[in-house]
Amino acid sequence: MLSLGKLAPGQHAYYVDSVARGAEEYYTGAKEAPGVWVGAGSDMLGLAGEVDGEILGNLLRHADPSGAWRLTSSQSVPTVAAFDATFCAPKSVSLLHALGDREVSNEVRNAADAAVRESVEVLEQVACRVRRGAGGATVLDGDGFVGATFRHRTSRAGDPHLHTHVVVANVAHCRADDRWTALDARALYAWAAPVGYLYEAHLRWELTRRLGVEWGPVRNGIADVAGISRPVVREFSTRRREIEAHLDEHGQSSARAAQVATYATRRAKDPDADPEGMLPGWRARAEAVGFDQAALAGVLDRTSTLEPPTVGSPEADQLYRGLACPDGLTASVSTFGQREVIKAVC
C-alpha cells in the first residue's frame, strides 16, 4: 500500500538520523541502509547516490543543495516542507525478508526496491504538477520530483515491517517558465491509491520470478504470500491488534475512527532498535505459531511465472471484457476513469 503524509520543516531529520553511514551496516549494524536520491528534479540539481542530511534540509527549505541561494522566489519557509509517500510491503513479505536466509532476504529487499523505483517513476509522471496564474487556476507539468528514499525494516512496535519512505520535497521546476515553486499536491493525493496498487502488483511479479512464491487472494490491491497463514501474519501485526483493541474499547469501527486510533496508540520508534538483535525473538515467535524454517522453505519455489497479459493478447481481451461487464468496474459505481481501471487491472 501507499500512504501519503505531510512533513513540517525539520521533520526530515528522523529519516536521516535513522540510516547507517555505510552500506555494509545494513546487515551488521543497528541502523538502516543509507537513503538514496530519486526523481528527475534531483537529477537536475546534480544529486545522485547517498543522501546527505544537510543537503536534504536545504532543499526542504526551498534552498539549493549548497544552501547559498533560494530556489523559489518566496522568502518564507514552506508550511509543508515535503510529502512522505510510504510504500509498505504486505506483512507476509516482511516476514520473508526478516526470517529468510541471506539470499532470500536479499531477493525480497531487491524486489521491494524495484517496485518502489517503478512506482515512484509513475507517480512522478502523473502527479508532478505546479500551479500558476490567479488563484493557481493554471496547472502545468513539473520537471520531476526532488526526492529521497529511505528503506526501513521494523514497525514502531518492533515487528518485521519492510517499508520505504519516499520524501518528496515540496518544490518542483517547471520548464515552461523556468521557475521553481511548490508542488500542486492535489495530483499526489489523487494518484496515491492507484500507484499503491501498482507497487503491490509489481512487488508480486518481482517476488514470483525471484523466489517462486504464490499468492493468496488480492483484496484492496494487496495479497499475502500463499502458505503464510493468518495466525502467523497476525502474530506479527502488533500495531493492528493495538488499533483494533482501541476501536473495540470505544465501540467504534469507521475509517475515521481507525485513523484516530492509529495516532492514539502510536508509540515512539526506538532509535537504538537493532533488527539483527530482534531476529532470535522473531524466530521464536514464528516457530510458536508453526512457521519454522521448514515452513518458510515450503512457500518458496512453488511457481516460476506470473506474467501480466500483453496488449492485444487473448488474456488481455478477456481481462478487459471482465472489467467492462456489469460485475466489473460499474458493479457498484456508475462512472470510472483511468485511476479506477489501473486499480482494477492490478
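Me: Does Tyr189 count as buried, partly exposed or exposed?

Reply: The model is predicted: local features need pLDDT of at least 70 and side-chain atom pairs count only at pLDDT 80 or more, while totals for chains, interfaces and linings use all residues. Residues are numbered from 1 along each chain as its sequence is written, and side-chain values use heavy atoms, with hydrogens and water left out. Buried means under 20% relative accessible area, exposed over 50%, and partly exposed in between (1.4 Å probe, protein chains only). Tyr189 has a relative accessibility of 38%, so the residue counts as partly exposed.

Me: How many aromatic pairs are there?

Reply: Rings of Phe, Tyr and Trp (its six-membered ring) pair if their centres lie within 6.5 Å; planes under 30 degrees apart count as stacked, over 60 as edge-to-face and the rest as tilted. By this rule, the number of aromatic pairs is two.

Me: Why is the pair of Phe83 and Tyr189 classed as it is?

Reply: The ring centres of Phe83 and Tyr189 are 6.4 Å apart. Their planes stand at 85 degrees, so the pair is edge-to-face.

Me: Which elements does the pair of Phe83 and Tyr189 link?

Reply: Helices (H or I, at least four residues) and strands (E, at least two) are DSSP runs, numbered from the N terminus. Phe83 is buried, at 3% relative accessible area. The two residues are 106 residues apart, and the pair thus links distant parts of the chain: strand 3 (residues 82–88) and helix 7 (residues 185–211).

Me: Which class does the pair of Phe87 and Tyr199 belong to?

Reply: Phe87 and Tyr199 have ring centres 5.2 Å apart. With planes at 55 degrees, the pair is therefore tilted.

Me: How many residues apart in the chain are Phe87 and Tyr199?

Reply: Both Phe87 and Tyr199 are buried. Phe87 belongs to strand 3 and Tyr199 to helix 7, and this pair links distant parts of the chain, with a separation of 112 residues.

Me: Which residue lies over the face of Trp191?

Reply: A charge sits over a ring if NZ of Lys or CZ of Arg is within 6 Å of the ring centre and within 35 degrees of the ring normal. At 5.8 Å from the ring centre of Trp191, the residue over its face is Arg339.

Me: Are helix 7 and helix 14 roughly parallel or roughly antiparallel to each other?

Reply: Axes are lines fitted to C-alpha atoms, for helices over the stretch in contact (heavy atoms within 4.5 Å), and angles run from 0 to 180 degrees between N-to-C directions. Angles under 35 degrees count as roughly parallel, over 145 as roughly antiparallel, 65 to 115 as roughly perpendicular and the rest as oblique. Helix 7 and helix 14 (residues 338–345) pack at about 20 degrees, with their axes 8 Å apart. The two helices are therefore roughly parallel.

Me: Which residues of helix 14 meet helix 7?

Reply: On the side of helix 7, the residues are Ala190, Trp191, Ala193, Pro194, Tyr197 and Leu198. Their partners in helix 14 are Gln338, Arg339, Ile342 and Lys343.

Me: Are helix 6 and helix 7 roughly parallel or roughly antiparallel to each other?

Reply: Helix 6 (residues 102–127) packs with helix 7 at an angle of about 150 degrees, and their axes are 8 Å apart. Helix 6 and helix 7 are therefore roughly antiparallel.

Me: How many residues of helix 5 are buried?

Reply: Helix 5 (residues 91–99) is mostly covered. Its buried residues include Lys91, His97 and Leu99.
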